[in-house]
Amino acid sequence: MNDTEIVRALGVSKRYPGGVLALDHVDLVIERGDRFVLLGPNGAGKSTLVRILCSLSRSDAGECTVCGRDPVRETRELMRAIGVVTQDNDLDPQATAEELLCFQGRLFELTRSGSTDRAQELIDAFDLEEHARKRVTELSGGNKRKLHCALALVHRPKLLFLDEPTVGMDPEVRAHFWDSIRQINREEGTTLVLTTQYLEEAERHADQLALLRNGRVAYRGTVESFVADRGTTDPGRLSLEDGYLAYLSEVNDVAD
Ligand SMILES: Nc1ncnc2c1ncn2[C@@H]1O[C@H](COP(=O)(O)OP(=O)(O)O)[C@@H](O)[C@H]1O
Ligand SMILES: [Mg+2]
């Protein structure tokens, strides 16, 4: 693993009890500072891969290095280096956003004033000022998702995993959300690894992509080259969504 790499997965496979082969020899390298998106149909294995890289799940075979750490043997160290927003985060419904952010800071051993300052920074970054003293139960779905992200960033991770972060956000909240994430990526140099079903946001906010299909990496490259490779001489005219749908129908035809 060289210095520019932040994620390396080699031959990663995972079969769930019951027999589903969710990942089938996945090889993947992600570079520091990338804005990386993992695309693929429902059930392709995106969340499984994210969970394994975050040490929330174990692979059956293969090796991963994330921020220089082995997710199985160095879980603790890895947790200090990454932030994770999964599809099913739970938050204490009675706590306020501000309380949760300060508590998270203390968990990561920030001083009392350090955690208050960081909480305020993230409240500002995610546009949560109006909601900071509301209880989680009173937050809208979109603001809850923003709070999840803010919580994942308290300890200034080098790498942020976002598994379908914008589900349930209205377009305006989503736009603000991406402004905040891009700001963090720029100012704190945080590498982003996201999954999304919204191809227009993948196209706008990611530069690198991997496409998973049936637990395998079907495509790996830049977003730009993926679109350009889909058979047009004028890539500006083809969206990622067009390219993605064309690609899936190509590979589905071959498979049938
Ligand atoms: N905890 C689990 N137990 C059994 N099967 C699972 C579990 N989680 C996911 N799967 C199966 O593994 C495959 C990949 O799922 P997942 O990684 O969630 O895909 P994606 O995030 O791309 O939609 C699917 O067939 C799914 O049904
Ligand atoms: Mg998923």
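This is a predicted model: local features need pLDDT of at least 70, side-chain atom pairs count only at pLDDT 80 or more; totals for chains, interfaces and linings use all residues.
Let me begin with a patch of negative charge on the surface, where Asp124, Asp127, Glu130 and Asp179 gather. A patch here is built from residues with over 30% relative accessible area and no salt bridge, like charges being joined within 9 Å. Asp and Glu count as negative, and the place of the charge is taken as CG of Asp or CD of Glu. Asp124 belongs to helix H4, residues 112–125; helices are DSSP runs of H or I with at least four residues, and strands are E runs of at least two. Asp124 is partly exposed at 49% relative accessible area, where partly exposed lies between buried, under 20%, and exposed, over 50%, with a 1.4 Å probe and protein chains only.

Residues are numbered from 1 along each chain as its sequence is written, chains are lettered from A and ligands numbered from 1 in the order in which they are written, and side-chain values use heavy atoms, without hydrogens and water.

I turn now to the magnesium ion, ligand 2. Its protein donors are Ser47, through OG, and Gln87, through OE1, at 2.0 to 2.4 Å. Ser47 lies in helix H1 (46–53) and Gln87 in the loop between strand E5 (82–85) and helix H3 (97–107), so the pair ties together parts that are 40 residues apart in sequence. Donors are N, O and S atoms within 2.8 Å of the metal (3.2 Å for Na, K and Ca); water is not among the atoms, so the site may look incomplete. Gln87 is partly exposed, at 44%.

Is helix H1 largely enclosed or open? Of its 8 residues, 6 are buried, so H1 is largely enclosed by the rest of the structure. Those buried are Lys46, Thr48, Leu49, Val50, Ile52 and Leu53. Just after H1, Ser55 takes a positive phi of about 60°.

Finally, the salt bridges, of which the structure holds 13; each is a side-chain nitrogen of Lys or Arg within 4 Å of a carboxyl oxygen of Asp or Glu. One of them joins Arg156 to Glu121, with the closest N and O atoms 3.0 Å apart. Arg156 lies in the loop between helix H5 (141–153) and strand E6 (159–163), and Glu121 in helix H4, so this pair ties together parts that are 35 residues apart in sequence. Both residues also belong to a salt-bridge network with Arg118 and Glu188.

Notes. Patches are made of residues with over 30% relative accessible area and no salt bridge: like charges are joined within 9 Å, nonpolar side chains (Val, Leu, Ile, Met, Phe, Trp, Tyr) within 5 Å. Accessible areas come from the Shrake-Rupley method with a 1.4 Å probe; for residues, only the protein chains shown count as cover.
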